[in-house]
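Hello,

Please read the notes with the model open.

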Amino acid sequence: MLAPDVETPAPPSPPRRSRSRTVLVWAGTLLGAAVVLFTLVTPDRLTQYTLGAFLRIPIEGLLLVALFLAVRGRARTVVLWAAGILLGALFIIRLFNLGFYTALARPFDPVLDWVLLDPAYGLVKSSLGESAAIVITVILSLVVLSVPVVMTLTLRRLARLAVRHQVATTRGTAILAAAWAVFAVFDVQAASGVPVASDGAVGALGTQVSLVRRDLDDGEKFGRQSQIDAFRDVPGSQLLTALRGKDVLLTFVESYGRDAVQNPQYAPQVNAVLDDGTKRLAAKGFQARSAFLTSPITGGGSWMAHETLLSGLWVDNNQRSSSLLAGDRFTLNAAFRRGGWHVGGIMPANDRDWPEGKFFQYHDLYDSRNMGYKGPKFSYVPVPDQFTLAAYQRLERAPGHQPTFTEIPLVSSHAPWTPIPQLVGWDEVGDGTVYRSMSTEGDPPDSVIRTSEKIRTAYRNSIVYSLSSLISYVETYGDDNLVVVFLGDHQPSPVIVGDTASHDVPITIVARDPAVLAKISGWGWQDGLRPADGAPVWRMDQFRDKFLTAYR
């Protein structure tokens, strides 16, 4: 007797929670694979971020998959952790490089650049506020600590999938490896102009290794260079004799680079100020000569440009800077002091003691705390440039003063370039309270930095203000005994001038006494406050010797 038909029940559907978990696991796996791919192929510059930059085959990824398939047991665990830590470190290096190329147009140096974290925090704090700076610092710290662990866990998941689907994984890896070889041989480029066959991860790590090796070798090399000095033992009676009785003002204009006078986005307004200033100063009997110097840095690190110009040594990293300040190199400051000048330093951006200042042999050193300023900060800038110059007149050039050599950085053109004060009458500067209403005018920094158009306009306006302040000072207080040397410290960041801008900065010497400029007639510098195309270009470390030779 046949058993009656019995309807077979359908298998129970998986619980909703199980399906959700599966979706989350696969989503996490795909995200992890994307992070690994990003780490292997991502460019170091924001300007290179295009779709084509990520449509690449990373040879390192293929080798990693082959390694996962080849090893078993405890060896695989060791490989996973080693690869996870290495890829995590590479991810962090990529992030640092991205920031450094954006701000300083160079890669991150894993040995020397940690000292820049404090000024970077200060810049973020002044631009976005202390709360935002703290949040960003905490987030970055968590990323640095967690990335190697997360990367290792991600690789474990990917390795399990590779082994579980070994046949398909092997075939896919072989096909991609063959494609990589073909693309490499024929140098096939993606739409963005980067090679499809990528070995960028090896290159990124190789760059870091080469930087470490350079740093290890460079200290001894710099020490030997610093001992070569034709002026170290020259007596004071033979130094700077052509400037006797003169007040010499050396001022660095923050971020005043070649692009300020030649880039169409900035040059029309900046050059109008310089050309008008040339005419106004000529009416007061002043003449000027201008050219370009090549700075050792760009985007930031102003102190290295200052040290390069004053010492006659190429100071392009913090190891060289520390070595210089720990030594006894004969600087321009020391030359003026030995020659009988009173040597002053006015540092409006400093808000704390600066023991390194002893190296520059200042008789008097002023900063934002003792300049007499009672006004507000302008974002990063503690003291506006016009007040700084008024303080110079009051502190260093009071009636009956000894001839003085004074170094002043003008910092109103420092990032984030907003808000910018306005020029006031010199008799209105007072203690700086006149600036109180100006510090809140215009767009705040967190608004300006969000758009390239606003930030470039702010940069241009800040340069216009700094130069206008300096020109107005010379016009108002200049006399037969005033000699002004002003120059940029470096070009602004690539956000302002792009990735391919030069390191050149304008330099100008202004004097009323014709004998002063006659001494440099052989330099070939151009007339006026504005250097144009064809003006001579020197390395910044050549200036000290040329200046001491000309005015000897």
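Loop between E6 and H14

Ser379 sits in the loop that joins E6 and H14. Please keep in mind throughout that this is a predicted model. The phi angle of Ser379 is near 60°, which is positive although the residue is not a glycine. Ser379 has a relative accessibility of 15% and therefore counts as buried, since the cut-off for buried is under 20%.

Ser368 belongs to that loop as well, between strand E6 (364–367) and helix H14 (385–396). Ser368 is buried, because its relative accessible area is 15% and buried means under 20%. A polar atom of the Ser368 side chain lies 2.6 Å from the backbone oxygen of Asn350.

Loop between E3 and H9

Ser255 is another residue with a positive phi, about 60°, that is not a glycine. Its place is the loop between strand E3 (247–253) and helix H9 (258–262). Is Ser255 buried or exposed? With a relative accessible area of 2%, Ser255 is buried.

Loop between E7 and H15

One runs from Ala415 to Pro416, with omega near 10°. The other runs from Thr418 to Pro419, with omega near -5°. Pro416 is in the loop between strand E7 (404–410) and helix H15 (445–448), and Pro419 is likewise in the loop between E7 and H15.

Nonpolar surface patch

Which residues make the nonpolar surface patch of about 310 Å²? They are Leu128, Ile136, Leu140 and Ile449. Leu128 is part of helix H5, which covers residues 117–128. The relative accessibility of Leu128 is 34%, so Leu128 counts as partly exposed; that class lies between the limits of 20% for buried and 50% for exposed. The value also passes the requirement of over 30% for a residue in a patch.

Regards

Definitions and conventions: Residues numbered from 1 in each chain as written. Predicted model: local features only at pLDDT ≥ 70, side-chain atom pairs only at ≥ 80, totals over all residues. Heavy atoms only, no water. Helix = DSSP H or I, 4+ residues; strand = E, 2+ residues; numbered from the N terminus. Buried < 20%, exposed > 50% of the residue type's maximum accessible area, 1.4 Å probe, protein only. Polar contact = N/O pair within 3.5 Å; in protein donor to acceptor, adjacent residues only side chain to side chain. Patch = residues over 30% accessible without salt bridge, like charges linked within 9 Å, V, L, I, M, F, W, Y side chains within 5 Å. Areas by Shrake-Rupley, 256 points an atom, 1.4 Å probe, with all protein chains shown as cover. Salt bridge = Lys/Arg side-chain N within 4 Å of Asp/Glu carboxyl O.
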